[in-house]
Amino acid sequence: MSDGLNRRKRPGGSKGRVPKRAPGDPALGLAREVRRNALSISGIFNHGSLSVAFESGLERKLIAVTGFIPGFKGAVTQPARVGYTTAEGRNTTSFPDILASFETGDILYDVKPFKDLVTDWDKLLPKFEAAKEHANSQGWEYRIVTDAELESAFSQNADFLMKCRLSQCSEADLQLAEDTARTYKVADTEALARLLASDVVSLSHWQATVMRAIADFRIHVDLDQLVQGPVPIQQEPFQFRLPGQPISVIDEQVQAFRRQLEHEAQQAALIDNAPKVSPVLFIVPGETYRLGDEFVTVSRFSNVTSVVVIGPQGNERIVHLSELQPIVPDGIGGELVDRHWDKLTPQEQQIASARLAVVRDLAYRQNRPAPVIQEAAEKLNVSRSYLFRLLQRYETVPMPSSLAPLRRGPKSKRLNEAVEAEIEAAITNVMLTRQKNSLSTLQRAVEGRLAKVGMKVSKATIRRRYMAKDPRILIAARNSPGAARQLLEMERGKHRAHFPLHEVQIDSTWFDLFLRDEEDRLTTSGRAYLTVAICVFSRVVLGFHLSFRPVGAATAGQCIYNCISPKDRFLRELGLEELGEVPHGLFWVLHADGGREFNNSSIASFASTYDVSFHLRPILKPNWGGHIESLLDKVADRLKSMLGASFSNAAERDDYDSEAKAVMTLFDAKRWLAKFFWGEYHNAYHSGIGMSPLEKFAQGLLPQSGAFAAGAPRICKDLRRLMIELLPKYFVTVQPYGIRLDYMVYTSIALQAWRHRPHPNGQKFEVRRDPDDVTRIWFLDPLSNKYLECTFAHVIERPYSKEQIEEALEYCKAKGWEPTTDRILRTRRQMDEEEQTARQKTLKARRKAAVNKEAVVNVTRRNEILTLPPPDQATSPPVIAADLIPLLPPPKSAETQPVNLDAEGGTPGDSPRANERTPRRAEDEQSGPADTRAQQRPVLDLSKLRRR
C-alpha cells in the first residue's frame, strides 16, 4: 500500500498534481479534479485494487477506516456536485467528500474538524442538508465524520492493519495461528507468537503472521485499543461500527459543546466582572453597613447569628449576619484583595507577619491615644502617618497579605555579583559565628575586602544585606544549641482561649457504627470516618464531616468549610430546621495533630490566606488536644449503646455481630450526629465551663453584665472561593492540548492565554481538584488570582470520583493498555455496567460503592455553592470598624500546649482515647487489580499440528 503524496512529479501528470482525469472517471469517480492544497497532503490512497484520491489527511484516514471494515466494496472521492442556497441567500455548489459502498448500502460522507463545525455550524448546515437530500434521492445514507472519530485507536489500527494485509504470509501459517488461538485459548497476541515460534529468529515472522491473521479477522481482538503490542485475544468477533453520525447527532454534539463554551465564558465573565470583596467581614455595633440598596446601622446583637439594625427611617429589624455588606471607601481594597499569601516573597511574608501583631492589636482597641500610636510606630520603625495607612489597609482587608509592602515596580539588587559575593562571605565569616561580632565589625570587614579590589559600598547597604538574613539562621549560628532552642521555641503552657472562635481543635477518628446501604438497607457498607471541630472557649461543635472516604486533605477541608459556612443549607438537607441557628464563623487558631489530613499544603495555604494560626501537636501526644479528644470519647461512648456498634476493639466486641445488627445508613448517622451535637450537647450543662456550650458562646459574643464580650465573629463572604481553596492542591504545566493530571486531560477557554506562556514566576501552575468529582479542576490564573473551571476534554455522562478513575486506570495497566483519557473513561463505563448487573457481595466492594454514592451527593451540594452569585458589593472590600470591644487581647501565636482537664472531672490520661492513634485508612481498602499473569500458560505440542 502506498500514499501518493504530491511531493514529486507523477507519471502522467504535472508536478504537484494528481494524475489528470475527466470528472466522473470510473477509476477515481471525481466530480472535479483533486488539487494539491497548501498543506501538501493531497494524493492517492492505493491498496491492492483500491485506488482513491484524497484531498486532506482526514479524508485519507476515512478511506483507510472504511476500507478496513468487512463488507467494504469501494469508494470514490467527490462523487457529485450539489447545489444549495447559503444562509445569506447566495446560490453555490458543494462537493461531498467521499462515497463509500458497503454490502449493506452506500454512504455519502463529509469530513470536517469538530472545531470548524462548532465555529461555522450555521454556515455549513445548509450545505449538509443539501448533501443529505441528494443522498436520499440516490438511495444513499448521509453521514458526517469529525477528526475526533478519525484520531481514535480504532482508526490507527485500521491504518496499521491495512498495511499488514499486504504482508506475505502462507495460508498454512495463518491457519496454524488461527487454530492455536482457538484451541488453546491463548491470553494475548504476544503469547501466541512466542508459542508458535521455535526460536528467537522465527519470532518476528510469527508476530507478522499474527498481525495478518488479525487483519483478516481470523483472530479476534478488541480493536478499540492499539494492537501494536500485547492485546488480549477474544473468542467473539469484534463488533464493527460504520464511521460517521447523522446530521441530528452532530447538531446535538455541536450545541452541547457550544453550551459548554458559553457556560465557561459566562463563568469567566462573572468572575472578571465581580467586585473585589474581602473574604472576611467584621460586624460591630454602632457601625454602618449596606443591606441591599439601603444603609443601616447595627444597634445590638439579637443572638449569635443575628443583629438588630436601624434603617434610614429609624425602624429596627432583625437580620442575619450574612445579609450585611460592607461600605468601602473609594480607591482602597482592589489591589489588596488580589494579593494572596502564597504569592508573596519570603521577605514580604516576614514583614507582613511582623506588622500583623502590632496592627491587629490597634484594630481591637476602642480608644487609640497618642502614646499608644507612637509606641506602635516605633515598634514597626515607621512613621505615624504610615502606621495609620497600614491600619486602614488591615481594616479594609483583615488578612496578613494586606500588610505586606506594596510593589511599586520591578526591583533588583544594583550591586554586581562580585560585590554581593564579598558581602555574603563577610557575613558568613564574621556574623554567623559564636563570637557574636557587632554590625560595625561586619562593616569594617566588608570595607577591607572591597578595598583590595578598588570598590566600596555604603554602610546602609551592608546593614540591609545582614538584616535580610533569616533570624532563625542568625540565632542558631550565634548562640549555643540550648540558648538557640530557648530563643526559637515558644513558651509552653495551657490552652488559653479568650473569646469564641479564638482557638478551634479538630481531629478525625472512626465512626464506631456499621452503616447500611442507602438503597436497599440490606447490605452493610462498613464504618465511616468522622472529622469534628470544637471551639475551645465555649466547647461548641462548629462542624463535622462524616464520610466513607478515608481521611485526607479533602475531608479535613470539608469539615473546616462546614465550621465557617452557615448551617442552614446543611440542616435543610437533613430535615432538621428545628435545630435553629448554629454558631459558625472564621476562627483565629487551628489546632490539630500531625496527621496527613491536616499536615498538608492545602490546609497550610488556607491558614496563611485567612489569618489563621496553624498549630500541630507533637506525635503521640493526644493530651495536647484534650478538648477534642474528650468530645470524641463522648461520641464513642454513646455509640456503644446503639445497634451495629463496632466498639473500640475486637476484644470489647466479643461475639457481637455488628454487621447483622446495623440499622442506620450514612444519612441517618448524619442526622443523629446533628441532633447529638447541636440539639443535646449544645444545651447540656458542661462542668468544664460551668454552663452549656451555647450559653458560653453567647456570653463571649453578646454583652453581659460583668462579663467580657468580644463581638460578632469574622464572617466569610466568598464561600465559593473558600470551598475551592480547601480542596487538594496540585501543581501542573499547561500544554497545547490543555492540562494533564493523572492521565486525564482538562481543557477550557480560560487556558488559551497560557498554552504557550510560562508562569510569571517561573513555576508550575496551581490547580485544585475535588476527589468526589475529578471531571473538572479549578485553575488559578496567575494574573487575575481567580479560580477558573476546566473540564474533561471528552464529553461525559456523569461525574466520577477519584477512586473510580484510579480503579479504571489500574485495570488498564493490568491489561497492558495505554492509559489514555478515552480508554480510562470507556473502561470506567464498562465497569459501571458490570457493577449494575452484579451486586457487591464483599464488605470492601460495598464500601467503594458507598464512597461513590456519597461523592455524587457531595458534588451536587458543592455545585449549588459554586453557582452562587458573587457577593453583592457596590465597590471593593469592606471596612473593618476600628472601635471593637476594648482590651481584647490578640490571638496568641505561641505554640499550643497541653490542657489540664481537671476542671472537667478528669485528666487526659484517664481518657480511653488518650493513646489511640487516629486511623488513616481501612485495611480492607487496600485492593488492586487481579494479576492476569496468574493464569497458567498452556503448553502446545507442535508435533501434533500440521504445518507446511
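User: What rules apply to the numbers and to the model?
Analyst: This is a predicted model, in which local features need pLDDT of at least 70 and side-chain atom pairs count only at pLDDT 80 or more, while totals for chains, interfaces and linings use all residues. Residues are numbered from 1 along each chain as its sequence is written, and side-chain values use heavy atoms, with hydrogens and water left out.

User: Why is Glu178 called buried?
Analyst: Buried means under 20% relative accessible area, exposed over 50%, partly exposed in between (1.4 Å probe, protein chains only). Glu178 has 14% relative accessibility and therefore counts as buried. In the chain, buried residues make up 50% of the 948 residues.

User: Where does Glu178 lie, and what does Glu178 touch?
Analyst: Glu178 lies in helix α5 (residues 171–184); helices are DSSP runs of H or I with at least four residues, and strands are runs of E with at least two, numbered from the N terminus. Not counting residues up to four places away in sequence, Glu178 touches Arg218 and Ile219, where contact means heavy atoms within 4.5 Å.

User: What makes a set of residues a nonpolar core?
Analyst: Its members are buried Ala, Val, Leu, Ile, Met, Phe, Trp, Tyr and Cys residues joined through side-chain atoms within 4.5 Å. The largest such core has 52 residues, and Tyr109 and Ile219 are among those with the most contacts inside it. Helix α7 (residues 203–215) gives the most to this core, with seven residues. Apart from it lies another core, of 42 residues, including Phe537 and Ile865.
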